[in-house]
Amino acid sequence: MLWSGWGDPAKAAPLPEPTVGLLRDLLGVRPAAAPPVALAEIEIAAPRLPGADLNALAGIVGDANVRADTESRVRHTRGKSTPDLLRIRAGETSDAPDAVVLPGGHDEVLAVLRLCARKRIAVVPFGGGTSVVGGLAPRGVAAFIALDLRRMDALVSVDEVSRTAVLQPGLRAPAAEALLAEHGFTLGHFPQSFEWASIGGFAAARSSGQASAGYGRFDDMVVGLTVATPEGTLDLGRAPRSAAGPDLRQLVLGSEGAFGVITSVRVRVRPVPQARRYEGWRFASFGQGAAALRRLAQDGPLPTVLRLSDETETMVGLADPAAIGGGSPSAGCLAVVGFEGVPERVAERRARAADVLRDAGGEPLGTGPGDKWEHGRFNAPYLRDSLLDVGAFVETLETAAFWSDIPGLYEAVRSALTGTLSSTGTPPLVMCHISHVYASGASLYFTVVSAQGEDPIAHWDRAKHAANDAIARAGGTISHHHGVGTDHRDWYAREIGPLGAAVLRAVKERVDPAGILNPGVLVPPAAGE
């Protein structure tokens, strides 16, 4: 992955000049004051770990698998939020790990954790490095290592009878799909981070893919977990469902490395679909389109993919740089509806869904918009890099709520973002789409574009705080699928209440009494800490 941006540098492309002109005229975007610092020019503080500790770690995983060189540490500094990228592009490395450690298996992970607990060395599990909520930047630590799980990248087994597979945590999503396809199966999990995210990261952050309507969220797919903690091993998941007490799998899912390091995941898999069809539908308004999605989510038939862009996102066409600004104010709202499976079942579900969508006011647009979405579904992070290069600021945030709260939540977040950023002199363009639906509610995913201004990180910090407050007041959850990290921790504490926060602290104290696992992430501190 590009150290100062997203993904494969060969896939990045500069914005067309008409697009740059539109950003300049519409938002006042101006070229950045300075180009990104080159990797070779980045300065980084010497590791705070003594040589004896590095040697002890090397004794567990091997000399070649303990790295304290500048490039390794820079590539494991923070995640991929826009503030993360702006800091690293400026050469700011204050959150760099002191070393990168690459274990080769569960037993090595256990040994590393036990050593680090004795030495009071913090440990941050590192999969694909795609966190956008501060999940890779621990707080209040004297020294820490990034525990990179890339060597643990095997498809361990496939149970074709039960339709499950055991995967190691460092396996990247594209490799997992390729290995499963050799057995005729798929996870069906395709988040925007798909190209670089890892299986362990999907579980640790409760990831949700773009085909969640058909395949479910990643936490729905997990039926078993093995977890290494400083206090020992958790083996969870003897059967798909159980009444034997609370399901401890749910305690690990979404724990973001604060309760342990996931070393294997058993997941439900499905046959590779024989047919796929993605279509576009137009609705006159976001409210009308949301009502149509709700009908499908509650009464069926539920498509595999179901997305709805609001008027602004539809008009702008953000995912396609060459088409930005090419829409029209009368374009309404674009929905993408996708079906996967055996051909006969796809045809039957598509026809029934079309009847519902027409009855709800939808206008069919054919397969063109759906095919365009499918082919560009992973492009947005690359577009962000191109926007940063020309002096624009672009960031995202997401939430979810019950259907009855969706209209108020949508307006509250838009108003908070627009008002706060306008007051800083960088009025934004705020776009939104629904990308995950349930019988009882849906997610809202916002994209914000503005000029960078004098201090884009400070501007965004104010806007994000205002948006988080608006989410809390309007009845939304602080995160639907990005996670908690450090960015959302204070609002997560408000969401679960003082007793809930105390329960999390009690769990952490039992599995991590030395407090080395991703300090400051997820778990709210006690009063006065």
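Trainee: Leaving aside neighbours within four places in sequence, which residues is Thr226 in contact with?

Mentor: Keep in mind that this is a predicted model. Start by finding Thr226 in strand 8, which covers residues 222-229. Then skip its neighbours within four places in sequence, and the contacts that remain are His106, Thr233, Leu234, Asp235, Val261, Ile262, Thr263 and Ser264.

Trainee: Does Thr226 count as buried or exposed?

Mentor: Check its relative accessibility, which is 17%. The cut-off for buried is under 20%. Thr226 falls under that, so the label is buried.

Trainee: And Arg350, is that one buried, partly exposed or exposed?

Mentor: First find Arg350 in helix 13, residues 343-359. Its relative accessibility is 30%. Buried needs under 20% and exposed needs over 50%, with another class in between. Because 30% lies in between, Arg350 counts as partly exposed.

Trainee: Which residues does Arg350 touch, not counting those up to four places away in sequence?

Mentor: Go back to helix 13, where Arg350 is found. Not counting residues up to four places away in sequence, you're left with Arg277, Glu279 and Phe339.

Trainee: How far apart in space are Arg350 and Asn65?

Mentor: In sequence, 285 residues separate the two. For the distance in space, go from C-alpha to C-alpha, and you get 51 Å.

Trainee: Okay, cavities now. Which element gives the most residues to the lining of the largest cavity?

Mentor: The structure holds 1 cavity of 30 Å³ or more, and the lining includes Ser450, Ala451, Pro456, His459 and Trp460. Two elements give two or more residues to that lining: strand 18 (441-451) and helix 17 (456-474). The top giver, with 3 residues, is helix 17.

Trainee: How many charged residues does that lining have?

Mentor: Sort the lining of the largest cavity by class. You get 5 nonpolar and 4 polar residues, and the number of charged ones is none.

How values were computed
Residues are numbered from 1 along each chain as its sequence is written. This is a predicted model: local features need pLDDT of at least 70, side-chain atom pairs count only at pLDDT 80 or more; totals for chains, interfaces and linings use all residues. Side-chain values use heavy atoms; hydrogens and water are left out. Helices (H or I, at least four residues) and strands (E, at least two) are DSSP runs, numbered from the N terminus. Buried means under 20% relative accessible area, exposed over 50%, partly exposed in between (1.4 Å probe, protein chains only). Contact means heavy atoms within 4.5 Å. On a 1 Å grid over the protein atoms alone, a cavity is a set of points where a 1.4 Å probe fits but cannot get out, and a pocket is an open set with protein on both sides within 12 Å along at least five of seven lines; lining residues have an atom within 4 Å of a point. Grid points are joined across faces, edges and corners, and a volume is the space filled by probe spheres set on the points. Ala, Val, Leu, Ile, Met, Phe, Trp, Tyr, Cys and Pro count as nonpolar, Asp, Glu, Lys and Arg as charged, and the others, Gly among them, as polar.
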